[in-house]
Amino acid sequence: MTSYPSHYIGGAWVPAQSGAVLPVHDSSTGEEFARVPAGTAAEAARAVEAARAAFGAWSALSPAERADYLDKIAAGLKARTDELATTIAREVGMPLKLARAVQVGAPVFNWSNTAKTAREFQWEKRVGHSLVVREPVGVVGCITPWNFPLNQIALKVAPALAAGCTVVLKPSEIAPLNAIILAEVIHAAGVPPGVFNLVNGLGPEVGEVLATHPEVDMLSFTGSTRAGKRVGELASQTVKRVALELGGKSASVVLPDADFAAAVKGSVSACLLNSGQTCSAHTRLLVPQERYEEVKALALEAVARFTLGPSLAEGTKLGPLVSAAQRDRVTGLIELGIREGAEVIAGGPQRPQGEGLDAGYFVQPTILRVQPGDTLAREEIFGPVLVVITYADEDEAVRIANDTVYGLGGGVWSGDEAHAIAVARRIRTGQVDINGAAFNPNAPFGGYKQSGNGRENGVYGLEEYLEYKALQLKA
Ligand code: NDP
């Protein structure tokens, strides 16, 4: 087992003050395989001071000079792909091959893509007799979750640094090791001391310092709506800018003229990515009521392809959940759905049986038919659970799609793209995929309603970390 004794503050590995540690478990076996320090409020404050001290010089560099550092970081991460993929596959449970592409490939891309975006960005513009310039917000506190840990860090830290901000990162205690590797890469890239700081620890301890500290100008948070509300409330006391990326309950709406085989297969895959632990997962499948039996057969066929197994085992298509707590929460919600009258199409709350499945946090891929208004039709599950809901007509489909406090993603499937777009416009979410179209890393990603108020990716992500300043010029 590896123990990490330090935080990364002011350009150095600083030994943790308290002896308290946080265990990191391999989600496929339940084994504790690493420990990180449980940071204190004083350590978080020290990191904020280091970030404040570094802000002046870092923000004075040109965007191109900062972009060069980002490219070096991308190259440093890429060189450690194998180590990162294995680490995240163990922390999170995503199958190794997929983890290489998604959990490492995406952040490597996002670091270099942010560099490119910063080089091409219009940093100032004349508006009448004013020169409008874009300047960094200042010191940014970043709080990130465990599900796509390195990518969620990249989507915050890369644009913040590109903008000229300095950063204190508190990653999730459940998947913190990839952030330690990132800090090593940032150090090796020669990023000046204090520009990036890493403090491991718990949300209520370290995270809340970032939300309350008067020297933090902006808080960028990804995680649960519950914790997002809490940090937003705390941050309001110092009028920080707050960017929240929260939960979701996205609907995949299959219209009667869709290719049903493609739509159901695509929706099942979009639900089960990362064992359903994806904020924008399409976790509700909305289908015409008269086509329900056909959909049921297609869904069974689609789910059968997801071979459950340990993340490092060859042939695994679906890994475990991240933690025992997450497994128990998800199986508890499946049981609740069944008590409320859900029809079980596939899976269920029972522990899955099979080789390699006895010790990790496994949950069977589960498909349930529920009614609009049921708990599982509205509440985020964050596990490998797809709910099928039938609708009578298009208006009802839209009403059901919008019948949740969330508004993150979704999909519309139709043989007529214009029709699909018209329906997509009626869905109150930040993204809608038409006929299973791929994710676009330069398109804005973020939520309506209680899914949050921030936007990440490309130029939209960079702008989150910038202020406007207007300089009025004499004619
Ligand atoms: P949390 O919101 O509990 O955790 C996310 C991050 O916030 C972690 O770093 C956590 O720290 C921190 N945190 C928790 N409480 C506080 C607090 N009071 N002050 C400051 N920071 C805090 O999410 P979970 O890890 O429990 O993830 C589960 C849920 O999060 C899912 O069900 C889903 O709704 C949502 N989620 C949404 C994502 C998205 O991208 N939109 C991504 C991941 C999760 P700690 O290390 O202590 O946990």
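Predicted model: local features only at pLDDT ≥ 70, side-chain atom pairs only at ≥ 80, totals over all residues.
Strand E5 (residues 32-37) runs parallel to E1, and 2 bridges join them. Within this pairing, Thr2 has Ala34 of E5 as its bridge partner.

A hairpin is the next element to consider. Strands E2 (residues 6-9) and E3 (residues 12-15) pair in the antiparallel sense over 4 bridges. Here Tyr8 stands opposite Trp13 in E3. The hairpin has 2 residues between its strands, and Gly10 takes a positive phi near 60°. In a regular strand the side chains alternate between the two faces of the sheet. In E2, Ser6 and Tyr8 point one way, while His7 and Ile9 point the other way, and all are buried.

The description now turns to a pair of helices. Two packed helices are described by the angle between their axes and the distance between the axes. Helix H9 (residues 260-272) packs against helix H10 (residues 292-303) at an angle of about 50°, and their axes lie 9 Å apart. At that angle, H9 and H10 are therefore oblique to each other. The crossing of H9 past H10 is right-handed. On the H9 side the contact is made by Phe260, Ala261, Val264, Lys265, Val268 and Leu272. H10 contributes Glu294, Val295, Leu298, Ala299, Ala302 and Val303. By residue class, the contact of H9 with H10 comprises 10 nonpolar, no polar and 2 charged residues.

Note on methods:
Residues numbered from 1 in each chain as written. Heavy atoms only, no water. Axes fitted to C-alpha atoms, helices over the stretch in contact; angles between N-to-C directions. Parallel < 35°, antiparallel > 145°, perpendicular 65-115°, else oblique. Left-handed = near helix turned anticlockwise from the far one by under 90°. Contact = heavy atoms within 4.5 Å. Nonpolar A, V, L, I, M, F, W, Y, C, P; charged D, E, K, R; others polar. Buried < 20%, exposed > 50% of the residue type's maximum accessible area, 1.4 Å probe, protein only. Pairing = 2+ DSSP bridges.
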